[in-house]
Amino acid sequence: MQILISQYLSQNKYEPSYFEEFKENYLSHPNYPSLYAITDSLELSGIEIVTATVPKEQLQNLPEKFMASIFIENKTEFVLVNKDQARISYENRKGKTIKITFDEFKNIWDGLILAIGENEIKEKPKPSVFENKNIWFTVPLVLLFFGGLLNQINSELFFWNYTAFLLLSIIGLLLGIFIVQESLGEANPVVSKVCNGSNKTVSCDSVVKSNESKLLFGISFSDLPIVFFFANLFLIVAKPTFFEPIGFFCLLSVPVILYSVYLQQFKIKKWCILCLGVSFVLFLQAIIFLFSYDEMAWNIYEYLQYVITVIVAWFLWKTVEKVLISRNDLVSKNRTLFRFKRKFEIFEFLSNKNPVNEEIEILRGITINNQENSIKLQLFLSPSCGHCYSTYKKGLEFFKSYPEKISLEILFNVNIQNTENPFIPVVESMYEIFLSENNTIINALDDWYIKKMSLEDWLRKWKQTEISEITKSELEKQYLFCVGNNLNYTPVIVFNKNVYPSDYDLEELKYFISDLEEKNA
């Protein structure tokens, strides 16, 4: 299902970051893997969707691309549909594309669709170069390639043969990385589509994870490409004369290639495209080696160095593999725990443990929007509180993400009778600016809580010369309310007359918006 969502988002011009956010929301959703988990996760990722039951007569009027629920082979599944004026083609979760007529599609379609509009405006901030996971192995491989070419200039090897051998080693290592990702369940969506979806006889996952793929001493087909090509690449770049022992061991790998093909054909009865790719690379390297040498030098020291390097690479890889497996287990457990945490019943129970008294209704804070929405978020802040900066920023960003669902109000837990507090003029000026209704209160709040202006600079820009009795009275009410509810700290987050549970970050409130709206309705 994730592969279909990834393709559908890509077709509608959504960047990969949208899919990554959807994936995390979906895998940690308390209703995973239901349709509601899919639709809710898409909405949480900022993607506008439409789900509806459509009369079958309206099939011609639907968009060219949409996801639909069909009943086939005694089960219901979602497919990605592409239609034109004459026929319909749909792709199932295994990646298989089927072309049928409109009437044939109507017979298996139950009328339910999920549609996503084309992304024309929304842009997520792109990750920095150092946050891009692909950079961490792409750049080293490119540097190794050019380093190998520079190191080879003074050697006596034939240049193009050496270059082809170098490139094939890089391709083999990349294929090995893809195989490891497949074995760990973190496959690239595009690679996974090629590996597991073309037809029933193709499944990299089945081959890589099968018991038959395990060889002697715990060695498996997912280990060999990583160790072999990494050692080859390292040695050939370090010293071009290692071309001979590397090529010789490529020749020795031919029986392993044949055994791999035998296992896939007769034992597992599934084909692994990545494994076949590795076999093809090894075969090409063996052919290049045969055509590159008329006479072998048989330098025993280089062969011994090669064997030692492979052994060291093996132990290094097994150490890294343990770390990757442990990380994968932790991510899986974390998602399971997060599903529990995101259950609305748990959130509601923790929220109801700390209700505030009804006096909160008579308080008048600084309202960021004037409309009454179903979820009212109130932040009790203080200018001298370090944590209030991030709480205000998160609250404002949260409100801007859901302006039609969230009402945001800023209040203060500050004793204005304490004349020694140098921040009293800040609080009084903020509220006075709000009362003046000149639409600059957001700028004043941002200067303090987001831009973090110094006290002197802020007062120079925003200090009000006259403070009304209304301001003093209201700030006093807000402070006494906090005292009466034992809220002797800041920031305090109150939503719908309950203190926001400390077990949840403010950003996590987005997971419960739909449930809160339904409850309030």
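**Close-up views of the predicted model**

**Helix α3 and its surroundings.** Helix α3 is followed by G46, a residue whose phi is positive, near 80°. The model is predicted: local features require pLDDT of at least 70 and side-chain atom pairs count only at pLDDT 80 or more, whereas totals for chains, interfaces and linings use all residues. Residues are numbered from 1 along each chain as its sequence is written, and side-chain values use heavy atoms, with hydrogens and water left out. Helices (H or I, at least four residues) and strands (E, at least two) are DSSP runs numbered from the N terminus. Of the 10 residues of α3 (residues 35-44), 7 are buried, so this helix is largely enclosed by the rest of the structure. Buried means under 20% relative accessible area, exposed means over 50%, and partly exposed lies in between (1.4 Å probe, protein chains only). The buried positions in α3 are A37, I38, T39, D40, S41, L42 and L44. Their cover includes helices α1 (2-11), α2 (16-27) and α20 (513-520), together with strands β1 (49-53) and β6 (109-116); contact here means heavy atoms within 4.5 Å.

The peptide bond from Y32 to P33 is cis, with omega near 5°. P33 is placed in the loop between α2 and α3. T336 belongs to helix α13 (residues 300-341) and is partly exposed, with a relative accessible area of 45%.

Q7 lies in helix α1 and, at 18% relative accessibility, counts as buried. Between Q7 and F19, which are 12 residues apart in sequence, the C-alpha to C-alpha distance is 9.4 Å. K13 occupies the loop between α1 and α2. Although K13 is not a glycine, its phi is positive, at about 65°. K13 is exposed, with a relative accessible area of 54%.

E182 is found in helix α6 (residues 159-183), where it counts as buried at 4% relative accessibility. The C-alpha atoms of E182 and V208 are 7.5 Å apart, and 26 residues separate the two along the chain. In helix α12 (residues 273-292) lies S279, a residue that is buried with a relative accessible area of 8%. Leaving aside residues up to four places away in sequence, S279 touches I257 and S260.

**The pair of helices α17 and α18.** Two packed helices are described by the angle between their axes and the distance between the axes. The axes of α17 (residues 441-449) and α18 (residues 455-462) come within 10 Å and cross at roughly 170°. Each axis is a line fitted to C-alpha atoms, for helices over the stretch in contact, and angles run from 0 to 180 degrees between N-to-C directions. The two helices α17 and α18 are therefore roughly antiparallel to each other; angles over 145 degrees count as roughly antiparallel, under 35 as roughly parallel, 65 to 115 as roughly perpendicular and the rest as oblique. In this contact N443, A444, D447 and W448 of α17 meet L455, W458, K461 and W462 of α18. The contact residues divide into 5 nonpolar, 1 polar and 2 charged. Ala, Val, Leu, Ile, Met, Phe, Trp, Tyr, Cys and Pro count as nonpolar, Asp, Glu, Lys and Arg as charged, and the others, Gly among them, as polar.

**The loops on either side of strand β10.** A cis peptide bond joins T490 and P491, with omega about -5°. P491 sits in the loop between α19 (469-484) and β10 (492-495). K497 is located in the loop between β10 and β11 (498-499). K497 is not a glycine, yet its phi is positive, about 70°. Its relative accessible area of 32% makes K497 partly exposed.

**Cysteines C275 and C482.** C275 is buried, with a relative accessible area of 7%, and C482 is buried at 0%. The disulfide count comes to 0, a disulfide being a pair of cysteine sulfur atoms within 2.5 Å.
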